[in-house]
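Dear colleague,

I am passing on the structure we spoke about, and it is shown just below. My notes on what was found in it follow.

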Amino acid sequence: MYLMMRRCFRYGNQLAGAELLHPNDHVNMSQSSNDTFPTALHLSAVLAVRERLFPALERLTACLQRLEEENRDAVKTGRTHLQDAVPITFAQEISGWRSMVEHSRAFLEASLDGLYELALGGTAVGTGLNAPAGFAEKAAEKAAELTGCPFRTAPNKFHALTAKDALVFSHGALKALAGNLMKIANDVRWLASGPRCGLGEIFIPENEPGSSIMPGKVNPTQCEALTMVTVQVMGNDAAVGIAASQGNFELNVYMPLLAYNYLQSVQLLADGVDSFTRRCLEGLSANREKMAENLHRSLMTVTALTPIVGYENGAKIAKLAHKEGISLKDAAVALGLFTPEDFDTAFHPEAMV
């Protein structure tokens, strides 16, 4: 790139018949690749997050808010340890997903603060040699003006040139987002599993045939795509952390790798989130009949009875119902703990949310 720039200037100067521009004395005046590269790294990272990833997260959040409103009255069984638990509304479950996205966005926003510090003005080793007084501050001010982001000059240029901790910290927020997206995508594909031999509590869009051998099979491909994105981001995070540890004396020479991995993570997350939102969540709907069926078959709704008969008797009801394959009501009556009428008065799973 440097050689190309020199050739362009030489040719332009020849045409003009005078030396008007020099790549070092004019264009690169008061700068070194050692301070321009980390500056470009911070600028590109911030702009990628703010202009690509944040809008994708906002669209995802809006979609989840709509689904939350639509499912406030859909009561389903909760699950912990992949086992039946006490009831929850589908809206409450979705609100957890929404909050995960909102928290991840807030963490990422906070992580940008370190990236707003620019190394420009440190020149070769952080001393600012050959840069005029005020150059660093003016350059950061101009960057802020052009981008609309609160960029500022790094107070310690020795740190700015050699340390890449701000990028590690920010990529950690990307990894946290990836972890949350992995959880959401897995929840969706578990809830959509079936359609007859799985949970089957939600319907997701049938975007394409899922099997070349099993007719009618439809797979949760958008969930699978997003989980692969998150795995790649987690792998990138390991590379970013290792590369950032390799600063020697006044420079870290692993910045190309850092830039590649950070920007790839942002691009993958933004594209993955947008695809998952448009091709999966926007067409997601609750299978209310299946939710109600699972809710009333769940043994853990016995928890509603423990304030009346106590934990030990509640456990007896659940174990008998499971052993004999009968309802909680039949088990409670068989144990002499309730009359049928008293059970109906006390047992309302929908009210447990």
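Please bear in mind throughout that this is a predicted model.

Helix α7, which covers residues 165-191, and helix α8, which covers residues 221-244, have axes that come within 8 Å of each other and cross at roughly 160 degrees. Since angles over 145 degrees count as roughly antiparallel, α7 and α8 are therefore described as roughly antiparallel to each other, and their crossing is left-handed. Sorted by class, the residues of the contact of α7 with α8 comprise 15 nonpolar, 8 polar and 4 charged.

Another helix pair is formed by α3 (residues 33-70) and α4 (residues 90-115), whose axes come within 10 Å and cross at roughly 165 degrees. By the cut-off of 145 degrees, α3 and α4 are therefore roughly antiparallel to each other, and the crossing of α3 and α4 is left-handed. The contact of α3 with α4 is made up of 16 nonpolar, 5 polar and 7 charged residues.

As for the aromatic residues, the structure holds 4 aromatic pairs. One of them joins F90 and W97, where the ring centres are 6.2 Å apart and the planes stand at 90 degrees, so that the pair is edge-to-face. F90 counts as buried because its relative accessibility is 0%, and W97 is buried as well, with a relative accessible area of 1%. In the pair of Y116 and F151, the ring centres lie 5.7 Å apart with the planes at 85 degrees, so this pair is edge-to-face. The pair links distant parts of the chain, 35 residues apart, with Y116 in the loop between α4 and β3 (117-118) and F151 in the loop between α5 (135-147) and β4 (152-153). Both Y116 and F151 are buried. Elsewhere, F338, F343 and F347 are linked by ring pairs into a cluster.

Once its neighbours within four places in sequence are left aside, N287 is in contact with G200, E201, I202 and F203.

Note on methods
Residues are numbered from 1 along each chain as its sequence is written. This is a predicted model: local features need pLDDT of at least 70, side-chain atom pairs count only at pLDDT 80 or more; totals for chains, interfaces and linings use all residues. Side-chain values use heavy atoms; hydrogens and water are left out. Axes are lines fitted to C-alpha atoms, for helices over the stretch in contact, and angles run from 0 to 180 degrees between N-to-C directions. Helices (H or I, at least four residues) and strands (E, at least two) are DSSP runs, numbered from the N terminus. Angles under 35 degrees count as roughly parallel, over 145 as roughly antiparallel, 65 to 115 as roughly perpendicular and the rest as oblique. A crossing is left-handed if the near helix is turned anticlockwise from the far one by less than a right angle, and right-handed if clockwise. Ala, Val, Leu, Ile, Met, Phe, Trp, Tyr, Cys and Pro count as nonpolar, Asp, Glu, Lys and Arg as charged, and the others, Gly among them, as polar. Contact means heavy atoms within 4.5 Å. Rings of Phe, Tyr and Trp (its six-membered ring) pair if their centres lie within 6.5 Å; planes under 30 degrees apart count as stacked, over 60 as edge-to-face and the rest as tilted. Buried means under 20% relative accessible area, exposed over 50%, partly exposed in between (1.4 Å probe, protein chains only).
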